[in-house]
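Please look over the two chains shown below.

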Amino acid sequence: MGPLVPEIFNQEFNYVIALLLGLFFGFILEQAGFSSSRKLAGLFYGYDFVVLRVFFTAGVTAMIGVLLLGNLGYLDLDLIFINPTFLWSAIVGGAIMGVGFILGGYCPGTGIAAASIGKIDAIVFFVGIVLGVFLFGEIYPSIDWLYTGYNWGDLRIFDAMGISPGLFVFGMILMAFGAFIFTTIIENKVNKTNIGKPAFSLSRPEFKFVYFAAIYVVFGFILLAMPSHKDKLWSKLNDQTIVSEYKINNISATELAYRLLDEDVSIQLVDLQQNKYFAKNHLPGAANLEFEKLFTKEGSDLINKSKKTIVFYDYNGELAEKAAILAMMNGNKKVLALNGGLKNFNQEITQISTKPETDPLNTLAESKFKQNISERLAMLSKKLENKAKPASSGAKRSKGGC
Amino acid sequence: MEEVKPYMNPYLAGFLLGLILLATIFITGRGLGASGAVKSAVVWGVENVAPSHAATAPFYKDYLQEHQDGALKNWLVFEVIGVIIGAFISGLISNRLGFKLEHGPSTTSKVRIAMALMGGLLFGLGAQFGRGCTSGAALSGMAVLSFGGIITMMAIFGSAYMIAFFFRKLWI
């Protein structure tokens with residue numbers, strides 16, 4: 001499951017990958033004609049829309065791929081770098097870059113590609129970028145409020161719009177499709193080519209891309225109908241015919257209490273509660289892994305790699321069984337679910353009953369027994385305290401950006 | 001001199017570029033970029049020319065703290081070295097190598113040079129605010145459906161279209 005760095009490829013090898021990917025990137029930029037400022041600037045004057053075509057096709061291709069791999073469970077979208085949104089800094093920066101584009105005729109990537117083949121304006125442009133970055137470095141403390149202000153975090157566009165990612169990508173495909181047809185018509189008008197012919201005709205070479213674009217529309221429909229990786233797992237978990245294939249192994253509160261007091265090292269308790277509830281109350285030695293995390297690469301790896309028998313528990317016992325099934329679906333056979341959850345464990349094992357019993361002697365014995373167990377569990381808790389940190393495989397979101 | 005080969009079909013180039021970007025995200029978990037490498041180079045330069053300044057000014061200090069192995073040991077620096085080699089190979093096989101200066105029909109080489117410098121400066125400055133340029137913020141941001149990346153992209157092209165008319169003499 002992607003991303004492959006850092007687990008499959010280490011950081012050092014990542015630099016080699018960077019060089020290779022950059023090589024392809026530079027090659028394509030130059031082959032596309034991005035090493036010519038006049039071609040690039042054509043976008044803004046209507047005589048050459050090559051930038052729009054390459055840029056939009058690349059963007060849409062990559063976003064289809066990312067979403068497709070994510071939905072299929074091959075790429076963990078929670079681990080890839082999402083450019084953070086600092087709203088006004090992004091807008092101001094973009095506006096400044098737009099002016100730079102018109103004046104300079106390049107953007108940094110295309111400028112570097114053009115400088116590599118000897119374009120003098122691109123070499124000068126590059127010197128300009130260096131000066132611009134330096135200028136920012138010097139004025140930085142005074143504009144920090146703008147740079148780090150209005151922080152909206154790792155916001156995704158579809159969340160901001162309140163739609164599904166599939167719908168957004170589908171919309172982008174249609175938008176790109178329309179823009180390609182429209183700008184080709186404009187290009188013909190501005191360049192006075194194909195005068196007297198119909199504005200749009202599938203038989204002319206500049207409109208042949210429509211056949212190619214149709215494949216993208218098909219992909220758009222697929223993404224529109226496709227559930228996310230998490231949704232798919234979730235519906236599997238709620239599908240009785242699938243769930244009934246798995247036999248959930250339960251552990252009773254009493255047995256767990258005995259195994260805890262025996263300091264059984266073959267089991268690992270996993271608390272599925274949210275962090276705040278875990279912090280309030282959890283069993284001795286439990287690791288905290290919020291239920292939601294089980295659907296991510298980080299969570300499923302943690303469970304799968306464990307050599308111990310996992311004992312899932314949550315507050316009332318419902319999620320633990322789902323977690324156990326999920327772990328079994330992922331191929332981990334050594335999982336148990338605590339019957340009745342933490343609530344029942346506390347009632348049966350540690351809470352001293354306050355209701356009047358018919359047999360006072362029995363009540364006394366029970367309360368003594370429970371008190372004893374509570375104390376021993378509390379001691380065990382203290383002993384294992386440093387182990388009871390929130391579980392983490394150390395997988396972090398990749399760093400990126402410029 | 002051999003004939004200059006035509007450019008690649010833009011849709012094919014876009015498709016291939018998209019696949020490279022997808023591969024980058026799948027393998028490394030991050031997107032492509034360009035301006036970030038310049039930032040590394042600038043920090044490295046300041047660190048070597050004015051070490052005391054680099055140690056106190058927050059822009060350089062923060063960057064150096066994040067890059068303990070040296071300012072140049074950054075993913076984008078290696079990627080951009082690749083871009084230079086790749087573009088050079090492309091220019092070589094298509095017979096497009098050579099020192100050339102392009103400018104619009106109604107302007108001079110001097111104006112073009114001055115504007116290229118100015119444009120570069122603004123792009124370098126803007127890319128810092130935007131946390132990336134057309135590659136790192138706009139294109140890569142679009143691929144991962146980042147709100148900020150797409151906002152930056154719209155701001156770049158929106159502002160360029162808004163002012164294009166006033167600078168038309170540079171290009172047409």
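## Chain A: make-up and dimensions

Chain A contains 17 helices and seven strands. The model is predicted. The C-alpha trace of chain A spans about 105 × 55 × 40 Å along its principal axes. Its radius of gyration is 30 Å, while a compact globule of 402 residues would have one near 21 Å.

Among contacts in chain A between residues at least 6 apart, 68% join residues at least 24 apart.

## Ile303 of chain A

Where does Ile303(A) sit? Its place is in helix α14 of chain A, which covers residues 297–305. Is Ile303(A) buried or exposed? Its relative accessible area is 5%. Buried means under 20%, so Ile303(A) is buried.

Which residues does Ile303(A) touch, leaving out those up to four places away in sequence? They are Val270(A), Leu289(A), Leu294(A), Ile310(A), Phe312(A), Ala327(A) and Asn332(A). Pro165(A) lies 138 residues from Ile303(A) along the chain, and the C-alpha atoms of the two are separated by 28 Å.

## Helices α10 and α15 of chain A

Two packed helices are described by the angle between their axes and the distance between the axes. In chain A, helix α10 spans residues 229–237 and helix α15 spans residues 318–329. Their axes come within 10 Å and cross at roughly 115 degrees. Angles of 65 to 115 degrees count as roughly perpendicular, so α10(A) and α15(A) are roughly perpendicular to each other. The crossing is right-handed.

Helix α10(A) brings Leu233(A), Trp234(A), Lys236(A) and Leu237(A) to the contact. Helix α15(A) brings Lys322(A), Ile325(A), Leu326(A) and Met329(A). By type, the residues of this contact divide into six nonpolar, no polar and two charged.

## Chain B

Chain B has eight helices and zero strands. Read along the sequence, its pattern is α-α-α-α-α-α-α-α. The C-alpha trace of chain B spans about 50 × 40 × 40 Å along its principal axes.

What percentage of the 172 residues in chain B is buried? Buried residues make up 58%. For contacts in chain B with a separation of 6 or more, 55% come from residues 24 or more positions apart.

Note on methods. Residues are numbered from 1 along each chain as its sequence is written. Chains are lettered from A and ligands numbered from 1 in the order in which they are written. This is a predicted model: local features need pLDDT of at least 70, side-chain atom pairs count only at pLDDT 80 or more; totals for chains, interfaces and linings use all residues. Side-chain values use heavy atoms; hydrogens and water are left out. Axes are lines fitted to C-alpha atoms, for helices over the stretch in contact, and angles run from 0 to 180 degrees between N-to-C directions. Helices (H or I, at least four residues) and strands (E, at least two) are DSSP runs, numbered from the N terminus. Angles under 35 degrees count as roughly parallel, over 145 as roughly antiparallel, 65 to 115 as roughly perpendicular and the rest as oblique. A crossing is left-handed if the near helix is turned anticlockwise from the far one by less than a right angle, and right-handed if clockwise. Contact means heavy atoms within 4.5 Å. Ala, Val, Leu, Ile, Met, Phe, Trp, Tyr, Cys and Pro count as nonpolar, Asp, Glu, Lys and Arg as charged, and the others, Gly among them, as polar. The radius of gyration is taken over C-alpha atoms; the globule rule is 2.2 Å times the number of residues to the power 0.38. Buried means under 20% relative accessible area, exposed over 50%, partly exposed in between (1.4 Å probe, protein chains only).
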